[in-house]
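Hi,

Here is the structure I promised to pass on. My notes follow below it.

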Amino acid sequence: MDRPAEQVLRWAVETYAQRFAIVTSFQKEGTILVDIASRLGLAPRIVTIDTGRLPAETLQMIVAVQERYGLPIAVLKPAESEVETMTSRFGADLFRDSVAQRKLCCQVRKVRTLDRFLPEVDAYAVGLRRGQSEPRDSVAQIDGAKISPLVDWTAGDVEAYVAKHNVPVHPLYAQGYTTIGCAPCSRAVNAGEELRAGRWWWEVDGDKECGLHFSPEGKMERTLDVLLRDVIGTHA
Ligand code: SF4
């Protein structure tokens, strides 16, 4: 059974101490995790990934959240050699050409960056909620090392918490974004569109996931493996 977010977060920090981190991209849910920790008097490690393609507003959020809560934020970056190899082979905007190349970019810039950090912790918290998309509907609150304290929160719960506690809000929400990732791969949603419709909107058969939370399967996994080996073969 899901437990209240405060209870889960406190348990995680008290159990794992410095071997625990909040991993956030400063969307509302992630910033709420930081706010809850701060209200509880906890000081977990906070980690974010600068993919090199973030909107300026996300970089501003890192500073704003740091100033508001007085907690240091570690900024993880992708391996330069991997990014260089990938972009010289496929171009800087390779994600436009195919779902496989988009997933390759996400692997190099996000997934592998987080993977290099994870040996430093035994558990980490993310802002996943079940209502965000179909693949997320079956997310467990505690899934191995990954903890999703807000897993059972609704969008309304998020809005209510943000208003009640005056949580800093990423500026792009005010422009109609409902989910915010890299600049070239996120846009505002139109009326009636799904919550994650603003991600990789040009894809017709993509799953709107970057691979941080759900690994690709089947044919896509094999295609991605081949591309990835091509890019990181000499750096793995
Ligand atoms: Fe690359 Fe776009 Fe994924 Fe960012 S969101 S890592 S730019 S494909």
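The notes cover the sheet, then one threonine, then the aromatic rings.

This is a predicted model: local features need pLDDT of at least 70, side-chain atom pairs count only at pLDDT 80 or more, and totals for chains, interfaces and linings use all residues. Residues are numbered from 1 along each chain as its sequence is written, and side-chain values use heavy atoms, with hydrogens and water left out.

**Sheet.** Six strands form an open sheet with mixed pairing, in the order β3-β2-β1-β4-β6-β5. Strands are DSSP E runs of at least two residues, helices H or I runs of at least four, numbered from the N terminus. Two strands pair if DSSP finds at least two bridges between them. β3 (73–76) and β5 (142–143) are the edges; each has a single partner strand, so one side of each lacks a neighbour in the sheet. β4 (residues 123–125) and β6 (residues 146–147) pair in the parallel sense over two bridges. Tyr124 stands opposite Lys146 in β6.

**Thr58.** Thr58 is in helix α3 (residues 56–69). Thr58 is buried, at 3% relative accessible area (buried is under 20%, exposed over 50%, partly exposed in between; 1.4 Å probe, protein chains only). The side chains of Thr58 and His170 make a polar contact of 2.7 Å (N or O atoms within 3.5 Å, one able to donate a hydrogen and the other to accept it; residues adjacent in sequence count only if both atoms are side-chain atoms).

**Rings.** Lys28 lies over the face of Tyr173, 4.3 Å from the ring centre. Arg199 lies over the face of Trp200, at 5.6 Å. The cut-offs are NZ of Lys or CZ of Arg within 6 Å of the ring centre and within 35 degrees of the ring normal.

Best wishes
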